[in-house]
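My notes follow the order in which I checked things.

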Amino acid sequence: MTENATIYDDDDADSTALDGKTVAVMGYGSQGHAHAQNLDDSGVDVVVGLREGSSSRDAAREDGLDVTTPVDAAAQADIVSVLVPDTVQPDLYEQIRGELDEGDTLQFAHGFNIHFGQIEPDEGVDVTMIAPKGPGHIVRRDYERGEGTPGLLAVYRDSTGEAWDEALAYGQAIGCTRAGVIETSFREETETDLFGEQAVLCGGVTELIKMGYETLVDAGYSPEMAYFECLNEMKLIVDLMYEGGLGGMWDSVSDTAEFGGLTRGDVVVDDHARENMETVLEQVQQGEFAREWITENQANRPSYNQLRNAEKNHEIEAVGERLRGLFAWAEEPDETADETEEERVQV
Ligand SMILES: NC(=O)C1=CN([C@@H]2O[C@H](COP(=O)(O)OP(=O)(O)OC[C@H]3O[C@@H](n4cnc5c(N)ncnc54)[C@H](OP(=O)(O)O)[C@@H]3O)[C@@H](O)[C@H]2O)C=CC1
Ligand SMILES: CC[C@](O)(C(C)=O)C(=O)O
Ligand SMILES: [Mg+2]
Ligand SMILES: [Mg+2]
């Protein structure tokens, strides 16, 4: 049996580890906007680093944050949180490298570039990771609700002797310790995160949904029925697992669903799927996926763009958009949006 992981909560963190320190958040996308605003709301000094002409600059300023260039932000900072896309991080690092002084920290939300050797930080710089186990918009939403998204903590280099305390305080400031922060390594975070998103969370689930939808539609059932059955209800079922584990879900569904699911689930996701999962994991562990993704970017993402378009054009997307628009709580369309000044009726 593998040993249990160490999990830290709010009581383990000491916010004073960030006293007098400035955090430069590089990027204001999914994770960047959440970390920057959560840190700011937690009383930490934050500056956002964005390239000149960046489409995110207005959003960060409207959220009340100081915005400057990545180089300038890094120059002001004690901790540089690297929250631009993984493929962009090596270039960004080269731009800001000269601004990282001995004792500063490079902080990541995913270990890809350190683990696969795409960034090799200079000696004297601490290298840490707080990786929220959830999308950035949920990290922000959880924090605002007084809750938190679970996170992972890893230290790749601790030159100062303060890296662990500082990283845990960072995890607290973005709300992760409210839910629990698990101690890990850059290798373990990178390999499990890549495997999870490819085989289960993003890749596995979308293929399961599309295959279920196509099976029903090909058999003559309506697209609307197939959408509700295979995609919409997925969230409701997963919510039950999130709240009460697999058992919580099985308790809530009918005995008929439980018997059918327990006898037929592994007919669909069978030993072939397990073997394929093992292959996907090996490709991650051996760096094969990383090399493919790096090469794909060097070639301007031909496969990525093609696959992305195919996914967007899948019939389930149009059906879903129409059905979600019928939900009573869906936003009313702004009927004046396309009207000219003259066409508007003053009342
Ligand atoms: N998405 C998520 O929820 C999760 C992400 N992570 C990790 O967090 C990190 C950030 O990912 P994520 O939040 O998805 O990133 P995003 O794709 O959301 O980052 C977008 C931001 O990066 C900036 N950016 C994009 N390209 C460049 C560039 N060439 N130069 C400078 N800035 C650029 C964008 O600014 P501009 O307007 O200038 O383009 C924008 O502010 C990654 O390491 C990822 O693996 C970890 C957990 C979950
Ligand atoms: C599951 C995808 C993720 O790893 C995440 C939101 O945690 C990501 O890279 O976006
Ligand atoms: Mg993840
Ligand atoms: Mg990921």
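Which residues does UniProt list for "domain: KARI C-terminal knotted"? The unreviewed entry gives 185–330. I keep in mind that UniProt positions follow the numbering used here, that feature names are shortened, and that annotations may be inferred rather than shown by experiment.

Housekeeping: this is a predicted model, where local features need pLDDT of at least 70, side-chain atom pairs count only at pLDDT 80 or more, and totals for chains, interfaces and linings use all residues. Residues are numbered from 1 along each chain as its sequence is written, while chains are lettered from A and ligands numbered from 1 in the order in which they are written.

**Domains.** I found the protein divided into domain 1 (11–184) and domain 2 (202–326), with bounds from an automatic or database domain assignment. Their centres, taken over C-alpha atoms, are 31 Å apart. Helices here are DSSP runs (H or I, at least four residues), as are strands (E, at least two), both numbered from the N terminus.

**Helix H10.** Where is the kink in H10 centred? I traced it to Gly244, at about 130°; the bend is the angle between axes fitted to the seven residues ending there and the seven starting there. The buried residues of H10 are Ala226, Tyr227, Cys230, Leu231 and Met249 (buried: 20 or more other C-beta atoms within 10 Å of a residue's own; exposed: 12 or fewer; partly exposed: in between; C-beta atoms placed from the backbone).

**Ligand 1.** I got 23 residues around it, with Gly27, Gly29, Gln31, Ser54 and His110 coming nearest (near: C-beta atom, placed from the backbone, within 6 Å). H1 (30–41) and strand S7 (126–132) each supply at least two shell residues, and H1 gives the most, with 3. The UniProt "binding site" annotation (unreviewed entry) includes Ser30 and Gln31. Ser30 lies in H1 and counts as partly exposed because it has 18 C-beta neighbours inside 10 Å.

**Ligand 2.** I listed Gly134, Pro135, Asp193, Glu197, Leu201 and Cys202 around it. By class, that shell has 3 nonpolar, 1 polar and 2 charged residues (nonpolar: Ala, Val, Leu, Ile, Met, Phe, Trp, Tyr, Cys and Pro; charged: Asp, Glu, Lys and Arg; polar: the others, Gly among them).
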